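Hi,

Here is the structure I promised to send over.

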Amino acid sequence: MKNYLVATLGDRLQAEAVYTQLEKDGFPMEKVALLGRGYKQWSELGLTDPFQVARRQMQRMLIWLVPFGFFAGFTFNQATQIDILPMLDRLNNSLLGGIFGAIAGALGSLTVGGGLQVVITGKSGIPFEKRLQRGKYLILIQGSDSEIRRAERLLKVQPLENLQSYTLDE
């Protein structure tokens, strides 16, 4: 497992200032990468973007959970014969139960698929590569838990747009 900390900065001067501050504070610079226009790009690092991983996993789960949720909701309504809307007949009530089941399946794919974790841990759901395309700069730090916590303390006093830590099983 590898731990990462990614700081998003609005412009080159801010990114260089933060990078220099990390160097002054004695952080091991072989574990720090500056990404953006004129520096490395995300694709050069060969790392997996957690936003992209979560999106792919959610999409795969949607394929299974939405139809399963519809079937389960339809079947449950047929078995219990609950009138969701009394003005509808049995079949339409069951179809409505199926729609509610499909919605529950979609929400399940969001939570179990990792999307909720990405939303909670990162203030922005924008993948790192898209941030770079928008002209932002990233400082990527790789290290142990203690190194990531130390870097986080150093970076929290800086004017950052976003700060996100994540772990990859590589």
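Below is what I found, starting with the whole chain and then going through individual side-chain pairs.

One thing to keep in mind: this is a predicted model. The chain has 7 helices and 4 strands, and reading from the N terminus they come in the order β-α-β-α-α-α-α-α-β-α-β. Of the 170 residues, 37% are buried. If you take the contacts between residues at least 6 apart in sequence, 78% of them join residues at least 24 apart. The chain exposes about 9900 Å², with carbon and sulfur atoms supplying 59% of that area.

Now the charged pairs. Side chains of opposite charge can pair when their charged atoms come close. The structure holds 4 salt bridges, and I'll take you through some of them.

Let's begin with a local one. Arginine 12 and glutamate 16 meet through their side chains in a salt bridge, at 3.1 Å from N to O. Both sit in helix α1 (residues 12-24), 4 residues apart, which is about one turn of the helix. Arginine 12 is partly exposed at 36% relative accessibility, and glutamate 16 is partly exposed too, at 27%.

The next one reaches across the sequence. Glutamate 147 and lysine 31 form a salt bridge, and their closest N and O atoms are 2.9 Å apart. Glutamate 147 belongs to helix α7 (residues 145-156), while lysine 31 is in the loop between α1 and β2 (32-35), so this pair ties together parts that are 116 residues apart in sequence. How covered are the two partners? Glutamate 147 has a relative accessible area of 18%, so it counts as buried, the cut-off being under 20%. Lysine 31, at 30% relative accessibility, is partly exposed.

Then there is lysine 136 with glutamate 161, a salt bridge whose closest N and O atoms are 3.0 Å apart. Here a loop meets a loop: lysine 136 is between α6 (128-133) and β3 (137-143), and glutamate 161 is between α7 and β4 (162-168), so the pair ties together parts 25 residues apart in sequence. Both residues are partly exposed, with lysine 136 at a relative accessible area of 25% and glutamate 161 at 41%.

On to the rings. The count comes to 2 aromatic pairs. In one of them, tyrosine 39 and tyrosine 137 are edge-to-face, with 6.4 Å from centre to centre and 80 degrees between the planes. This pair links distant parts of the chain: tyrosine 39 is in the loop between β2 and α2 (42-45) and tyrosine 137 is in strand β3, 98 residues apart. Tyrosine 39 is partly exposed, with a relative accessible area of 27%, whereas tyrosine 137 is buried at 6% relative accessibility.

Phenylalanine 70 and phenylalanine 74 make up another pair. Their ring centres are 6.3 Å apart and their planes are at 20 degrees; planes under 30 degrees apart count as stacked, so this pair is stacked. The two are 4 residues apart in helix α3 (residues 50-80), separated by about one helical turn. Phenylalanine 70 is partly exposed at 31% relative accessibility, and phenylalanine 74 is partly exposed with a relative accessible area of 22%.

Have a click through these pairs when you get a moment.

Cheers

Definitions and conventions
Residues numbered from 1 in each chain as written. Predicted model: local features only at pLDDT ≥ 70, side-chain atom pairs only at ≥ 80, totals over all residues. Heavy atoms only, no water. Buried < 20%, exposed > 50% of the residue type's maximum accessible area, 1.4 Å probe, protein only. Contact = heavy atoms within 4.5 Å. Areas by Shrake-Rupley, 256 points an atom, 1.4 Å probe, with all protein chains shown as cover. Phe/Tyr/Trp six-rings, centres within 6.5 Å; stacked < 30°, edge-to-face > 60°.
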